[in-house]
Amino acid sequence: MSGLEIPTWDPETAMLIGAILLEAIVLYVGYGGIERLFGPRFMRLLIGGEEDAQ
Amino acid sequence: MLSSLSDGLGLLGTSPEMAALFVGFGLVVGVLFGFFGMGGSFLVTPALLMLDYPAPVAVGSGMAFVFGTAVIATLKHHDLGQVDYKLGAIMITGTTVGIEAGRASVYYLESLGLAGGVISVAYVALLGGVGAMVTRDALKNDDGGGIDHEAADRDLSEYEIPEIAKTIQRTVRIPPMVTLRGDVRVSAWVITAVAFATGLLSGFLGVGGGFIRMPAMIYAIGVPVPVAVGTDLFEIVFSGGLGSYLYGQGGGVDLGIVVPLLFGSALGARVGSAATAVVDSDGIKVYFGGMLLAGAIAVGIGEIGSYIGNSLMETVGLVLVIGAAVVVAAAVIYTSVVSLRTTRGRQTATTD
């Protein structure tokens, strides 16, 4: 009744979870790229470096 | 195969307004998740229930979302060197056994007809107790300042170990001893006991357990706060992945919900994880404690509401949880910006 729940192999569910995993990795890499491209400029804007206003 | 996936995606069934709402909510949850290593499951699932999604879809999609967010946040913490895989592996083993023991306890209490009441009381007592302890400790040690810019590069061994953890490390020296990140040396049995105990509570309360595991890792094992957050997220990847799979088999995972939530939370988790390296650890604990206290009050109000059949009180409880999450996420971002600006000011003054 309260035993350990053993998952059975289900290709559709595996694909569903795989899609979430893939989205997570794509978002991590994608946002990472955006951060690298625009991050420094955004940070300067955010923390208000006077010299950057020039 | 493709048609089944697109059916599973369910994106056509989600209106642009709902998708935008999910992205915004995901952003808030992502900041909290990346910063504290917890906060996903008990925010997303009640919100989905309030939006009239069936319970299995709310729980399953909430768990799938937690899984995706944990993957992203773990990758980020890995890059910052804040995941202890050795600790994580031992924790996963102990927690799994503990969860099963917790579930068995629930079934036993259920047979006695006491499960609902005992679980609610335990939930409120635990959230309130941990919240109060963490807040009191953080306020006691509060030196009132932000951290300097070198915080991101600060050596993990420089983090202060709580007294209770030092006592445990000194007294319990049963081999094998394990050396963790931040030069923490502790008996593997202590880690296993903590993992089992937190798993037990997690299985008993039916929650992800991040809010129990993280303080336990800090106070009982003595790992630095960033490592506790990173390792907790690593553990959630496994538990969340398995849970999502089990719910997904029953059709409980709706990608129309998970995809936009994850889109927002991926950005939020990036901000939250980065903030852990900028805001000082006492600041982290104050927010963490505050949110747990708000959660305890909200659950308490919700429980009283459902007990006396007052749906308004249930809604108030939910609004309180979500409101606290929005406020805390905003506070995390605000404090990080202030801390960075202070550092910038100091650096400018030094160069002058």
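Is B:T198 buried or exposed? B:T198 counts as buried, because its relative accessibility is 4% (buried means under 20% relative accessible area, exposed over 50%, and partly exposed in between, with a 1.4 Å probe and protein chains only). Welcome to a predicted model, in which local features need pLDDT of at least 70, side-chain atom pairs count only at pLDDT 80 or more, and totals for chains, interfaces and linings use all residues. Residues are numbered from 1 along each chain as its sequence is written, chains are lettered from A and ligands numbered from 1 in the order in which they are written, and side-chain values use heavy atoms, with hydrogens and water left out.

**Helix α8 of chain B**

- B:T198 has its place in helix α8 of chain B, which covers residues 188-205 (helices are DSSP runs of H or I with at least four residues, strands are runs of E with at least two, and both are numbered from the N terminus).
- With 18 residues, α8(B) reaches 25 Å from its first C-alpha to its last, close to the 26 Å expected at 1.5 Å a residue (the expected span is 1.5 Å times one less than the number of residues).
- Buried residues of α8(B) include B:V194, B:A195, B:T198, B:G199 and B:F204.
- Apart from its neighbours within four places in sequence, B:T198 is in contact with B:M91, B:T95, B:I212, B:R213 and B:A216 (contact means heavy atoms within 4.5 Å).

**Salt bridges around B:R213**

- The count over all chains comes to 2 salt bridges (a salt bridge is a side-chain nitrogen of Lys or Arg within 4 Å of a carboxyl oxygen of Asp or Glu).
- B:R213 forms a salt bridge with B:D232, and their closest N and O atoms are 2.7 Å apart.
- That pair links distant parts of the chain, 19 residues apart, with B:R213 in helix α9 (residues 210-221) and B:D232 in helix α10 (residues 225-249) of chain B.
- B:R213 also forms a salt bridge with B:E235, where the closest N and O atoms are 3.3 Å apart.
- Here too the pair links distant parts of the chain, as B:E235 lies in helix α10 of chain B, 22 residues from B:R213 in helix α9.
- B:R213 counts as buried because its relative accessibility is 2%, and B:D232 counts as buried because its value is 0%.
- B:E235 is buried as well.
- Together, B:R213, B:D232 and B:E235 are linked in a network of salt bridges.

**Confidence in chain A**

- Chain A has a mean pLDDT of 78, and 74% of its residues reach 70 or more (pLDDT is the predictor's confidence in each residue, from 0 to 100).
- Over residues 50-54 of chain A the pLDDT is below 50, and this stretch has 3 contacts in the model beyond near neighbours in sequence.
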